[in-house]
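Could you have a look at this one with me? My notes are below, in numbered points.

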Amino acid sequence: MTTSSSRVAEPRRAAVVAVAGSVALVLSIAVAVTLGSADLAVTDVARSVLVHLGLPLRPLPPLHDGIVWQLRMPRVLLAVLVGAGLAVCGAVLQALTGNPLADPYLLGISSGASTGAVAVLVLGVGAGAGAFALSGGAFLGSLIAFATVLALAGRSLVSSTRVVLAGVAASQLFGAVTSLIVITSADADATRSVTFWLLGSLAAADWTTVLTCAAVVAAVLAACWSAALALDAFAFGQEAAAALGVPPARTQLLLFTATALAAAALVAASGAIGFVGLVVPHAARFLVGAGHRRLLPVCALLGGVFLLWADTAARSVFAPQDVPVGVVTAVVGVPVFAVILRRRRTGS
């Protein structure tokens with residue numbers, strides 16, 4: 001009876017968490033846009049948004065409208081999208097590998113993106129692409145890193161351990177290449193730019209980036225949610241998943257590829273922001289359980305709220321200096337990482 005009651009309660013709890021998370025996300029967006037060096041009210045934010053959506057309201061003064069619509073709103077929405085995408089990717093990779101410490105950078109994505117970005121910033125590779133050079137270089141570097149992981153894993157992609165080891169090897173390789181480029185070619189200004197990008201930043205957000213990331217996050221969430229039952233099966237091991245009718249190799253290849261492409265696009269937009277994909281899935285599981293049909297949407301909501309407030313703190317607490325958001329997520333993520341390690345060691 002207790003087991004039956006808990007099974008009935010889980011969907012109800014998930015629905016409550018989803019509604020509460022959605023409300024928290026909307027309120028967080030409205031409040032976060034008001035915070036900064038220029039004082040704005042929530043009503044100002046609402047009026048600016050509604051005017052741009054075509055409603056016949058009196059517009060804000062041009063300066064305030066520009067702050068809301070061109071500066072803060074894209075950055076806030078990009079934080080939500082990147083946080084949501086990284087959290088979903090983290091939950092999927094933790095299920096596929098059976099490793100609760102896996103995150104979206106497990107497949108060498110971050111290191112490859114860093115190498116691509118450094119090649120643009122320091123060596124000027126692809127500089128003719130203008131504003132898209134940095135994100136394009138990071139995306140290309142991520143894809144090359146993932147291709148390296150696939151080559152190292154070979155036919156044993158079904159082996160989660162081999163994939164993890166291949167990811168570690170690729171990360172070390174591209175990290176070494178990045179360091180070599182910086183040491184041999186970068187001047188002081190380029191080194192500062194590289195360091196800032198490597199720590200993660202949403203300062204360059206614009207509407208084009210927001211729309212691109214929105215499409216990426218929607219696609220990866222839909223793809224992973226459609227494979228939720230397969231992800232649940234992997235919780236019992238690959239042999240059990242195969243016995244339940246899930247083709248392990250094909251499913252892992254598709255989901256590894258989907259998360260790698262999504263993480264590559266998100267890293268290209270925001271830099272290397274760590275710990276979101278590690279911490280948020282554990283919080284979501286604590287709230288709604290391990291079933292992925294419930295877990296993935298809640299991960300997206302919590303990830304969006306978490307990174308939104310991390311970025312808001314990064315640009316507000318130390319104003320007028322804009323601190324890389326990766327610093328804030330690391331300050332939160334490292335203690336949580338330690339707690340996870342401790343729980344695994346004690347078996348609790």
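1. Start with R75: this is a predicted model, and in it R75 is buried, with a relative accessible area of 9%. That is under the 20% cut-off for buried.

2. What does R75 pair with? One partner is D311, in a salt bridge whose closest N and O atoms are 2.8 Å apart. R75 sits in helix α3 and D311 in helix α13, so the bridge ties together parts that are 236 residues apart in sequence. D311 is buried too, at 2% relative accessibility.

3. D322 also forms a salt bridge with R75, again with the closest N and O atoms 2.8 Å apart. This pair links distant parts of the chain, with D322 in the loop between α13 and α14 and R75 in helix α3, 247 residues apart. D322 counts as partly exposed, at 24% relative accessibility.

4. Put together, R75, D311 and D322 make a network of salt bridges. The structure holds two salt bridges.

5. Now helix α8, residues 207–226. Its 20 residues reach 28 Å from first C-alpha to last, close to the 28 Å expected.

6. Which residues of α8 are buried? They are V210, C213, V217, V220 and C224. Down the helix axis, the buried residues of α8 fall within an arc of 105 degrees, so they line one face. Their cover includes α3, α9, α11 and α13. On the face turned away from the buried side, α8 carries the exposed residues L211 and S226.

Note on methods
Residues are numbered from 1 along each chain as its sequence is written. This is a predicted model: local features need pLDDT of at least 70, side-chain atom pairs count only at pLDDT 80 or more; totals for chains, interfaces and linings use all residues. Side-chain values use heavy atoms; hydrogens and water are left out. Helices (H or I, at least four residues) and strands (E, at least two) are DSSP runs, numbered from the N terminus. The expected span of a helix is 1.5 Å times one less than its number of residues. Buried means under 20% relative accessible area, exposed over 50%, partly exposed in between (1.4 Å probe, protein chains only). The arc is that of the directions from the helix axis to the C-beta atoms. Contact means heavy atoms within 4.5 Å. A salt bridge is a side-chain nitrogen of Lys or Arg within 4 Å of a carboxyl oxygen of Asp or Glu.
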